[in-house]
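I opened a new notebook page for this one. Here is what I looked up, in the order I looked.

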Amino acid sequence: MEKATLQELLESRLKDIFSIEIAEASPQELFLALANVVKSCYANDWSQTRKNLLVEQQKQAYYFSIEFLPGKLLKSNLLNLGLLDTAEELFEELSFSLDEVAEVEKDMALGNGGLGRLASCFMDSLASLGLPGNGNGIRYNYGLFKQKFVDGHQVELPDDWLRAGNVWEVRKESKAVDIQYGGEVYLIEDENGRLRPERHGGYVWRAVPYDTGMVGYQNDMINTLRLWSVEVPAAEEANYATIESRRSLEDLTAVLYPDDSNERGKKTRLMQEYFFVSAGIQSIVRYYLKLNHPLTMMSEKIAIHINDTHPALCVSELMRLLLDDHDLPWEQAWAITVKVMSYTNHTIMAEALEKWPIDLFKEVIPRNYQIIEEIDRRYLEEYAEVHEAALLNRTRIIINGQVHMAHLAIIGSHSVNGVAKLHSDLLKSVVLHDFYLIFPERFNNKTNGIAQRRWMQLANQPLSKVLDTTIGKSWRHNPQDLQLLKNYQEDPTVLQRLADAKLTNKQALAEYIQQTTGIEVDPTAIFDVQIKRLHAYKRQLLNVMHILKLYFDLKDEPQAPIHPRVFIFGAKAAPSYHYAKAIIKVINEVANLINHDPTINDKLKVVFLENYNVTLAERIIPAADVSEQISLASKEASGTSNMKLMLNGAVTIATLDGANIEIRDAIGDENIAIFGLTEEEVYAYYAQQNYSAYAFYEEDPVLQRVVNAFIDGTIPNIEREGREVFDSLLKYNDEYFLLKDFKSYCDAQYRVDLAYKDQQRWQAISLMNIANAGKFSADYTVQNYADDIWQIEPLYAHVKE
Ligand code: 26Q
């Protein structure tokens, strides 16, 4: 599209909506008008995609996820439609900046972290690969809380993201479905001797879908992300006359649960899970029946993916529809279900595995509970002759009065995958070992990936331009072509261009830091970044301990030859995660101490940026020199910020955990700083139960000084939090082995400092990181899901050349 055409469209939208000219428009008005223009640019392709799907009847995948984390969509849609450069030029010509307009959009934060962002990267890749793939989730009225720091403590504020409306969504009233909750279900024999459920009591709520177009990268493909919102069913308005009765209904899709590991036993959470599962499965079955094929062939047209256990009820809900509404015999319904379903596990932390008390299940979803009991009974019966009773009792679905959601998902799916090689291996050998004995053929690995369009093309335009001029533009379509950069490892001009792009990004971040926190940072310092949810296992505290060590080194010897560093943190803690909040307070007070200590002479700065989210990630990642991936080996299923930072040329300090191992394999030991216990060593400690944190503390004076700093008054204002941290390390024997890994972490940090001082060498390492990041493209990951698990193919009309 020509710039002039875009301008005309924009002008006419501004007239239509606000009756104003471009020159008088505010960024808000420009955003809304431009977003509407963008929407109209893909409107035709969206309906055409749907038509093509109906005509071709190709198999489609449905990605069920209780979280999606798309961030802002304006620039991403412009990019994928091929309009980004045009829009940027136009706005410049009109003396506006597109960035200022894009800034107006609310960051769509309907997820906690890695799992939700992965779902959104997958949506981007599905559309960009021309694959028929739909998202199915919940339209929360409030996204993940906004984080503020008050006196160094985290305070949570509501994220009222829908207040000014959401331009991208389309309400589809006609596609609403009813969701049944509660009551009692009796099984009554009908004239054919078949048991039929008869429901007494209970209530029906309405699920209304809001669809958002997922725009493919320059291929005219528009997939659909369908998010469900709760409403009072029209026929029942009278029953919801009181404010209280409405409130409990409206609570259902009001908020996202802000805990990314273990929110336990909450009825509303279970109702949410059933809500988007039942709505999604009903709408899929309805669609499938339109195609006029027998239900027994459903797996030839439909693949349903269970993203972690939160949508595991897909299994019992599809069974319910096939049995109760479509009269299929159990065996047929079960065969269909297992062929249609697949499941991804995202955690090995035992405490995060989802379980529900059976009483709650009976109360909220009685018919699904009956079906789960029957799946459980038949499971024991079917395998009784093949496996020992003890094994079956450990793997059955209902154990000790609780429904085990992972067991339901595994037994009801044909595929179970982990999210990195190590993680998938640990699933087989430890976490899900019992299931591996029974269903070895179901287990496979799909290492996570990231959307390189958002994380390079959008977030890092300076580097993208360097890539274009150096290796051509093919990497924009095919991220594997980043490999071409390897030819320039020793080319000083290219290395200098990369360094210049990095500096530009660091200057921009420095300005943001100055504006938002008042802290001055030097763009020529090393920008050392740890951005992820705050969790004990991710060991932000280990990072803090190393910072304290450097602080003491400089106190002892102010001229110590360390290159200046800015440590940058971004992290939210679950509101109920007391210990994580204590760490936030500690980091903020350490920052206060160091940033204001004149003897440090600005050699160290610590910056904890508020409200880490997708938009902030897009600012931080392009400016990072060092990427902190320091979880205790075996605990981080994959990690994805490791991939984003690598793609943007940051050098990684890492334990051999999650996808870090595959990153190391891709770039070689000389281009990454590895440290710490291996997964085998961690498990050996568990087996021998002989870890003594105190022993490490006792023998290392440096470590002593650092650990003591939490309680000896060195860091002001952390009396309570410092004691909690100190106790976690010494009184409770340091569950995540920080004291054990401290020395090797400091050594790795020292190697990084040395490497940075040799700028030529550093740039070459950075280049190798960028060049090898193509492997971690979500395009590649999603292609593997499509080939191995879903068996879906690109929609014929949208295949990229
Ligand atoms: C469960 C029950 C009740 C309430 C909330 C939850 C809940 C919500 C979110 C449990 C877990 C999550 C999110 C988990 C998550 O983000 N895991 C991360 O997934 C990434 C993508 O695979 C991996 O890269 C990370 O390693 C993993 O930690």
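I started with the UniProt record, an unreviewed entry, which lists Lys644 under "modified residue: N6-(pyridoxal phosphate)lysine". I noted that UniProt positions follow the numbering used here, that feature names are shortened, and that annotations may be inferred rather than shown by experiment. The model itself is predicted: local features need pLDDT of at least 70, side-chain atom pairs count only at pLDDT 80 or more, and totals for chains, interfaces and linings use all residues. Residues are numbered from 1 along each chain as its sequence is written, and side-chain values use heavy atoms, with hydrogens and water left out.

Next I checked where lysine 644 sits, and found it in helix 23, residues 641-647. Helices (H or I, at least four residues) and strands (E, at least two) are DSSP runs numbered from the N terminus. Is lysine 644 buried or exposed? I put it down as buried because its relative accessible area is 7%; buried means under 20%, exposed over 50%, and partly exposed in between, with a 1.4 Å probe and protein chains only. Leaving out residues up to four places away in sequence, lysine 644 touches Arg117, Ile450, Trp455 and Ile621, where contact means heavy atoms within 4.5 Å.

**The ligand.** I then asked how many residues surround the ligand. I got 18, with Asp260, His346, Asn448, Glu636 and Gly639 the closest; to be near, a residue needs a heavy atom within 4 Å. Helix 6 (residues 114-128) gives the largest share of this shell, 3 residues.

I looked at polar contacts too, here pairs of N or O atoms within 3.5 Å. A polar side-chain atom of glutamate 636 is 2.6 Å from a ligand oxygen. For serine 638, a polar backbone atom lies 3.0 Å from an oxygen of the ligand. Taken alone, the ligand exposes 610 Å², and the protein buries 93% of that; these areas come from the Shrake-Rupley method with a 1.4 Å probe.

**Two other spots.** I looked up arginine 377 in helix 12, residues 366-383. I wrote "partly exposed" because its relative accessible area is 41%.

I called leucine 110 buried because its relative accessible area is 1%. Its contacts beyond four places in sequence include Ile66, Phe68, Tyr140 and Trp161.

Conventions
Polar contact = N/O pair within 3.5 Å; in protein donor to acceptor, adjacent residues only side chain to side chain.
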